[in-house]
Amino acid sequence: MKRCLLFLVVALLPIFSGWAQPNPPTLYPNPEAALQLYRSNLTRLRQEHLNHRNLPDLSFFLFGMGDRAKYIYRAGRLIDALTGHIEEQWTVKSELIVPSEYLVHLTLDDNSTVQIREDETGVWLIQAAATNSNKLPKVRRIRNTKRTVNLPRFASNTFGPVLRVLHHDLLINLVAGSDGVSRPVSNVMVYPKPSYGNAALMGMVLKKTDNLRLIRDWILSIRDPFDWNKPGVAEVDNVGQVLFLVSLVSDRNHPVVQMALDSVNRFRKDKYILGKTDNEDHPVFQTKWLKYGLKSLGLPDPYVIPKQYDSYSALLWWDFTNEHVAGPKFDEEVSATKPYLVWAEDHFYHEKRGMLGTVDYPLSWEQKASDAHYPALTVLDKELVKQKLAFPHARHAAEMFLLLSDQ
C-alpha cells in the first residue's frame, strides 16, 4: 500500500510541482498605491525634462527579464513574445499595470484576482478567489523563467521607481539562444543579433546593477571584432567596443583581443583611425572608443584624438571629455526616432533635451531603424509595424538609466 501511495505521489509530482514552490511570492498588497507612486515619480521627471513625445498607449507589459523566456501581457492574455503562442488567458473585468513593481493585477468577471509578478527568482502567476473565500491563493512559476536576476530598488535615487522601469526595459532585451547563452539585443522582437555599441552601454548598466553574469558567456564567446549589423561593413568603432566588453568579464588574453588589435591597422590614419559608423565617417568617436577599449584592458595606446568636429563625439560622454570640438547637435527628428543619441548628448553637455514618452510603459523606444525587422512586432500590435516603432529599446533605456543614476 505504501509503495502504491509513493508511486502515486511521484507520478503526480510533475503536475503539481508548478504550484508548490519554496517561499513563493504572495499577492502584492496595494497595487493602486504603487502605481500612484510611480506615476508621481514619472511626472516629476517630465517636469524636469520638458521634451515629450506622444507614444501609442497599448496597455501591455513584458515579462522575462535577463535570460528568462519572454512573455507579453495584453488584453487578458499572456503571450509568448517570440512565437505568439497564448500561454494563459482570462475574462477580465479590470486590469492594473504597475511597471515599477513588474506587476499586472487583474480582477476577473467572477471577482477573483490574478497577479502576474516578476521578481529576482522568476515570473509568477498568483490566483486568488474572491475576497469572501477562505481558499489560499495558488502560486506557480511561469515556465522557463526560473533564472536569478538582480533587481535593485534604487531607493537612494530621486528617480528610483523610474530607474526600476528603465532597468526592466534593458533586461527584457537579453535573449537566451538555443545554446543557452544570453545575448544583449536592442529590442527583443525586431533585432536578431547584438550590436557591440549598444551592448557596451548595456554592459555599463549591468555592471552597476551586479548583473554582468547575464552576458558573461556571450562576451567570452566573441571571436569577431565586428558585429556586422551593417551587412558587409566593418564598423570601426566596434574595435574599441569589443575591447571594453571583454574588460567587463575577462582580460587581454581573451582570443578576440589580438584579432581586434590586428584589425585596427587597415583603418589607421597617422595617429587616429577612420572608417564607417552608421554609414558615415566619425574619426573622433571611433578613436575615442579605441582608446577607451585599450585603457579598459591596460593595453598600450599610441593614438591621438583628432581635433575636428564630429557629430558623434559627445556620445562618448564618460571619458576624453576635453577632446571635443563643438558644433551642431542632433535635431528634433533624431530626438524623436533615435532618442538615445540626444540623451547621450545630454549626459555630455549637462542638458535636458532628451525626449520622454507620454505613456507609463515602456520608457524607451526607437523608430525607423534601417537594420530592424519590424514585421515581428505583429505579435504586439500590427500598427507598430506600419509606424516602424519598436519599444522598449535597450540603448535608449541604458542612456537614460546612466544619466539619471549619476544625478
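How many of the 15 residues of H8 are buried? I took buried as under 20% relative accessible area, exposed as over 50%, and partly exposed as in between (1.4 Å probe, protein chains only). I found that 13 of the 15 residues of H8 are buried, so the helix is largely enclosed by the rest of the structure.

I note that this is a predicted model, in which local features need pLDDT of at least 70, side-chain atom pairs count only at pLDDT 80 or more, and totals for chains, interfaces and linings use all residues. Residues are numbered from 1 along each chain as its sequence is written, and side-chain values use heavy atoms, with hydrogens and water left out.

Helix H8. I took helices (H or I, at least four residues) and strands (E, at least two) as DSSP runs numbered from the N terminus. H8 covers residues 283-297 and reaches 21 Å from its first C-alpha to its last, close to the 21 Å expected; the expected span is 1.5 Å times one less than the number of residues. Just after H8, I recorded a positive phi of about 70 degrees at Gly298.

Backbone exceptions. Most residues other than glycine have a negative phi, and most peptide bonds are trans. I looked up Tyr102 and found a positive phi near 50 degrees. Tyr102 sits in the loop between strands E6 (92-98) and E7 (103-108) and is buried at 1% relative accessibility. Lys388 also has a positive phi, near 50 degrees, but is partly exposed at 43%.

Cis bonds. I found a cis peptide bond between Tyr361 and Pro362, with omega about -5 degrees. A cis peptide bond also joins Phe391 and Pro392.
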